[in-house]
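Here are my notes on this one, as numbered points. Have the sequence and the model open while you read.

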Amino acid sequence: MKNNLLWSKSLITKQQRSAQKRQQPCILWFTGYSGSGKSTLANALEQELFGLNHHTYLLDGDNVRQGLNKDLGFSDADRQENIRRIGELAALFVDSGLLVLAAFISPFRAERRMVRGLVEPGEFIEIHVATPLSTCEQRDPKGLYKKARAGEIQNFTGIDSDYELPENPELKIDTSVQSLDQSVEQIVAFLRKRGILKYI
């Protein structure tokens, strides 16, 4: 059946959509432990970019699992499928000319590489929110570490499921040693240097 499928090309190109929005589309992929500050940082960055008249969309792990991926659990296989679906969605958003902010633990290097491979070179920016596990567990904003330590949650990243550290992320941010404003400024400066915000 797959042999009968053909990709339908749009008459409007990604370059035309990008030019209309005055930006270079990309995926800003925030990866790190639960409680590291991924969602907080992604939200603050989106607010900053919106204030600069850029077109963005934020994909957050908890939100996506309430709709698109509500059928998935937290086994390694389900986590891989979770990231695969998100990657495909993010790639479509990039094709539409958007700056996509994706905040997901995404513990496995192979899945992050897979998402990178879905877009053109330079369109995937891996941001390792490198807050130490001890700090994340101390914060424990959702009480998940406590439940994981008590055995109430299985396959929890950092406790009984591995997190594979990014080897060469474009950016590394530790929210335990710098403020939210400093972190946002660091990312914006990087995006300007890369030419992604070149129309500002």
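1. Start with Glu-123 and Lys-14: their side chains meet in a salt bridge, 2.8 Å from N to O. By salt bridge I mean a side-chain nitrogen of Lys or Arg within 4 Å of a carboxyl oxygen of Asp or Glu. Glu-123 sits in the loop between helix 5 and strand 4 while Lys-14 is in helix 1, so this pair ties together parts that are 109 residues apart in sequence. Both Glu-123 and Lys-14 are buried. (Buried is under 20% relative accessible area, exposed is over 50%, and partly exposed is in between, with a 1.4 Å probe and protein chains only.)

2. A word on the source: this is a predicted model, where local features need pLDDT of at least 70 and side-chain atom pairs count only at pLDDT 80 or more, while totals for chains, interfaces and linings use all residues. Residues are numbered from 1 along each chain as its sequence is written, and side-chain values use heavy atoms, with hydrogens and water left out.

3. Lys-14 has another partner: Glu-120 forms a salt bridge with Lys-14, with the closest N and O atoms 3.0 Å apart. Glu-120 lies in the loop between helix 5 (109-116) and strand 4 (124-129), so its pairing with Lys-14 in helix 1 joins parts 106 residues apart in sequence. Glu-120 is partly exposed at 42% relative accessible area, whereas Lys-14 counts as buried at 12%.

4. Now helix 1 itself, residues 14-21: its buried residues are Lys-14, Arg-17, Ser-18 and Lys-21. Seen down the helix axis they fall within an arc of 100 degrees, so they line one face of helix 1. (The arc is that of the directions from the helix axis to the C-beta atoms; helices, H or I of at least four residues, and strands, E of at least two, are DSSP runs numbered from the N terminus.) The face turned away from the buried side carries exposed Gln-15 and Gln-20. Helix 4 (76-95) is among what covers the buried residues of helix 1, counting contact as heavy atoms within 4.5 Å.

5. What else pairs up? The structure holds 11 salt bridges. In one of them, the side chains of Arg-116 and Glu-170 meet at 2.9 Å, N to O. Arg-116 is in helix 5 and Glu-170 in the loop between helix 7 (144-149) and strand 5 (171-173), 54 residues apart. Arg-116 is partly exposed at 29% relative accessible area, and Glu-170 is partly exposed at 21%.

6. Also worth a look: Asp-71, Glu-81, Arg-84 and Arg-85 are linked in a salt-bridge network.
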